Amino acid sequence: MFEGSWILGMIDLGTEEAPNPIEDFRLELCPNNSRDGQTLLALINKHVEKGSTIITDCWKGYNGLEENGFEHLTVNNNYNFVEPNTYAHTKTVEANWRPLKKKLLKTGVRKENLAFHMCECLWRRKQRSQKKGEFEALLEDIRNLHYRNYSPWSPCAFICFSGLGTCAYTEFR
């Protein structure tokens with residue numbers, strides 16, 4: 001939790017037959033700062049294919065994932081960091097959180113700017129995974145950016161995450 005904002009982190013590791021070498025990492029702000037089962041399930045359904053295996057800690061908000069079409073493994077970090085029977089762990093997603101947590105704790109951030117910082121974290125992660133220099137990648141992204149007829153700083157715009165950290169401004173009314 002940062003300044004009262006709950007963030008759900010998700011990472012796609014692929015399968016044993018087809019591992020995902022990029023480890024697609026997603027971050028979502030929990031709407032209305034809620035992390036109940038209904039809210040978490042809606043966010044999970046947005047990003048995770050039915051039938052996928054989801055590994056979580058034992059937070060009660062994750063109860064019911066199996067009834068909603070997911071395989072659900074848990075690890076109780078009070079006793080083990082790796083579940084001894086299934087080898088389930090949450091270390092991968094926690095390690096991917098580390099750069100964002102470190103930055104936010106070091107520099108602080110206003111709540112209204114948190115989504116921008118999350119987007120920056122995902123963008124930097126993408127550049128590292130593609131072994132691109134950040135300056136050259138930024139120039140390339142600016143070149144590929146499509147002009148929008150509204151200001152991205154206006155209150156009618158929000159950030160959505162697509163791909164591996166690409167930021168897109170989307171207008172809603």
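# A chat about helices, salt bridges and a loop

Author: Let us start at one residue of this predicted model: Ile 142 is found in helix α4, which covers residues 134–144.

Reader: Ok, and is Ile 142 buried or exposed?

Author: Ile 142 counts as exposed, because its relative accessibility is 52% and the cut-off for that word is over 50%.

Reader: Which residues make a nonpolar surface patch with Ile 142?

Author: The patch is made by Phe 135, Leu 138 and Leu 139 together with Ile 142, and its area is about 400 Å².

Reader: Let me step back a bit. How many helices and strands does the protein chain have?

Author: The secondary structure of the protein chain comes to four helices and six strands, and when you read along the sequence they follow the pattern β-β-α-β-β-α-α-α-β-β.

Reader: What share of the residues is buried?

Author: Of the 173 residues in the protein chain, 32% are buried. The accessible surface of the chain comes to about 11700 Å², and carbon and sulfur atoms account for 54% of that surface.

Reader: And how many salt bridges are there?

Author: The count comes to four salt bridges. One of them joins the side chains of Glu 28 and Lys 46, with a distance of 3.0 Å from N to O. Glu 28 lies in strand β2 (residues 19–29) and Lys 46 in helix α1 (residues 37–47), so this pair ties together parts that are 18 residues apart in sequence.

Reader: Why would two such side chains pair at all?

Author: Side chains of opposite charge can pair when their charged atoms come close.

Reader: Of that pair, which residue is buried and which is exposed?

Author: Glu 28 is the buried one, because its relative accessible area is 9% and buried means under 20%. Lys 46, by contrast, is exposed, with a relative accessible area of 54%.

Reader: How accessible are Lys 103 and Glu 120?

Author: Lys 103 counts as partly exposed at 26% relative accessibility, and Glu 120 is partly exposed as well, with a relative accessible area of 25%.

Reader: Which other residue does Glu 120 meet in a salt bridge?

Author: The side chain of Glu 120 also meets that of Arg 124 in a salt bridge, at 2.8 Å from N to O. Both residues lie in helix α3, four residues apart, which is about one turn of the helix. Arg 124 is partly exposed, with a relative accessible area of 31%.

Reader: Which residues are linked in the network of salt bridges?

Author: The network links Lys 103, Glu 120, Arg 124 and Glu 134.

Reader: New topic: where is Thr 56, and what does its side chain touch?

Author: Thr 56 has its place in strand β3 (residues 53–56), and its side chain makes a polar contact of 2.7 Å with the side chain of His 72. At 5% relative accessibility Thr 56 counts as buried. Leaving aside neighbours within four places in sequence, Thr 56 is in contact with several residues, including Tyr 62, Leu 65, Val 75 and Thr 90.

Reader: What about loops, say where Lys 111 sits?

Author: Lys 111 is in the loop between α2 and α3, and it is partly exposed at 47% relative accessible area. Lys 111 and Ser 5 are 106 residues apart in sequence, but their C-alpha atoms are 7.6 Å apart in space.

Reader: Last one: what is the mean pLDDT, and where does pLDDT stay under 50?

Author: The mean pLDDT of the protein chain is 77, and 79% of its residues reach 70 or more. Over residues 147–173, however, pLDDT stays under 50, and for that stretch the model has 48 contacts beyond four places in sequence.

Key:
Residues are numbered from 1 along each chain as its sequence is written. This is a predicted model: local features need pLDDT of at least 70, side-chain atom pairs count only at pLDDT 80 or more; totals for chains, interfaces and linings use all residues. Side-chain values use heavy atoms; hydrogens and water are left out. Helices (H or I, at least four residues) and strands (E, at least two) are DSSP runs, numbered from the N terminus. Buried means under 20% relative accessible area, exposed over 50%, partly exposed in between (1.4 Å probe, protein chains only). A polar contact is a pair of N or O atoms within 3.5 Å; within protein, one must be able to donate a hydrogen and the other to accept it, and residues adjacent in sequence count only if both atoms are side-chain atoms. Contact means heavy atoms within 4.5 Å. pLDDT is the predictor's confidence in each residue, from 0 to 100. Accessible areas come from the Shrake-Rupley method with a 1.4 Å probe; for residues, only the protein chains shown count as cover. Patches are made of residues with over 30% relative accessible area and no salt bridge: like charges are joined within 9 Å, nonpolar side chains (Val, Leu, Ile, Met, Phe, Trp, Tyr) within 5 Å.
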